[in-house]
Amino acid sequence: MEYNVIKNADKIVSSCPYVVNDPIKYKNKWSDFFGNKNPIYVELGMGRGDFIINMAKTYPMINFVGIEYIDSQMVMAVDRLKSLNLKNLKLINCDARMLDQIFGKEIDTIYLTFCDPWPKPIDEKKRFTHESYLRLYDKVFKKNKHIILKTDNKGFFAYSLETLSKYWYVFHRVSLDLHHDENPIKNIMTDFEKKYFEEGRPIYYVDAIFEG
Ligand SMILES: C[S@@+](CC[C@H](N)C(=O)[O-])C[C@H]1O[C@@H](n2cnc3c(N)ncnc32)[C@H](O)[C@@H]1O
């Protein structure tokens, strides 16, 4: 996927008070950093950030961290945050592969929302549900492992159900059409999700748990 480049995006992002510019410093200290022992939920590839910002507004007793490696994508989140004062939200501009350098066993839930599906077999290792990523998540989950995934991409969804189940995750909830499910699932839409929802495309959803 290609994204627009915004001039001075790096400066705009790094000067935002919500952005943690030296996240490695806080490994094993995130509770101290947030100033409470509330659970920590992380979104990988948060893009423009609507989801993580609204989650932080809706659930003040949860600490949220949004990770995104394209600074031009984060500029919109930075802009949206200007008029807000959220104590339970931090953003990090880095590659998701750095997760274990930034966190010890501190994370309760990881959100994988409309991640790039990397459909070519040669790119399989870049998929956020590739086994190498599942191993990476093992290093940062507190005790139980909990992944919530949403996507519009059927192939990526099928692939993810397979890798997660091979890795002993159990599916707490699965939906093949999140917005029209018979048993409604509490949901906050992401930027991409809003677009796909308006286009009438089904959204695939899985809430996967491994109890340690
Ligand atoms: C399709 S967008 C989805 C954005 C957002 N989650 C949403 O649903 O609106 C995927 C995002 O993941 C980011 N991304 C992809 N690979 C990444 C990686 N390894 N580390 C951090 N961000 C990544 C991309 O830059 C992009 O912003």
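There are 0 disulfides in this structure, which, keep in mind, is a predicted model. A disulfide is a covalent bond between the sulfur atoms of two cysteines, so the distances between sulfurs are what to check. For Cys 94, the closest cysteine sulfur belongs to Cys 16 and sits 15 Å away, so that pair is too far apart for a bond. Cys 115 has its closest cysteine sulfur in Cys 94, and that gap is 15 Å as well, again too far for a bond. The cut-off for calling a disulfide is 2.5 Å between the sulfurs.

Now for the ligand. The space it takes up is the largest pocket. Around the ligand there are 20 residues, and the closest are Gly 45, Glu 68, Ala 96, Thr 113 and Thr 190. By type, that shell splits into 10 nonpolar, 5 polar and 5 charged residues.

| Residue | Protein atom | Distance to a ligand nitrogen |
|---|---|---|
| Asp 95 | polar side-chain atom | 3.0 Å |
| Ala 96 | backbone N or O atom | 2.8 Å |
| Thr 113 | polar backbone atom | 2.9 Å |

How much of the ligand's accessible area does the protein cover? On its own the ligand has 600 Å² of accessible area, and the protein covers 98% of that. Of the residues in the table, Ala 96 and Thr 113 are also among the closest to the ligand.

Note on methods. Residues are numbered from 1 along each chain as its sequence is written. This is a predicted model: local features need pLDDT of at least 70, side-chain atom pairs count only at pLDDT 80 or more; totals for chains, interfaces and linings use all residues. Side-chain values use heavy atoms; hydrogens and water are left out. A residue is near a molecule or strand if one of its heavy atoms lies within 4 Å of it. A polar contact is a pair of N or O atoms within 3.5 Å; within protein, one must be able to donate a hydrogen and the other to accept it, and residues adjacent in sequence count only if both atoms are side-chain atoms. Accessible areas come from the Shrake-Rupley method with a 1.4 Å probe; for residues, only the protein chains shown count as cover. On a 1 Å grid over the protein atoms alone, a cavity is a set of points where a 1.4 Å probe fits but cannot get out, and a pocket is an open set with protein on both sides within 12 Å along at least five of seven lines; lining residues have an atom within 4 Å of a point. A molecule sits in a cavity or pocket if more than half of its atoms lie within 2 Å of its grid points. Ala, Val, Leu, Ile, Met, Phe, Trp, Tyr, Cys and Pro count as nonpolar, Asp, Glu, Lys and Arg as charged, and the others, Gly among them, as polar.
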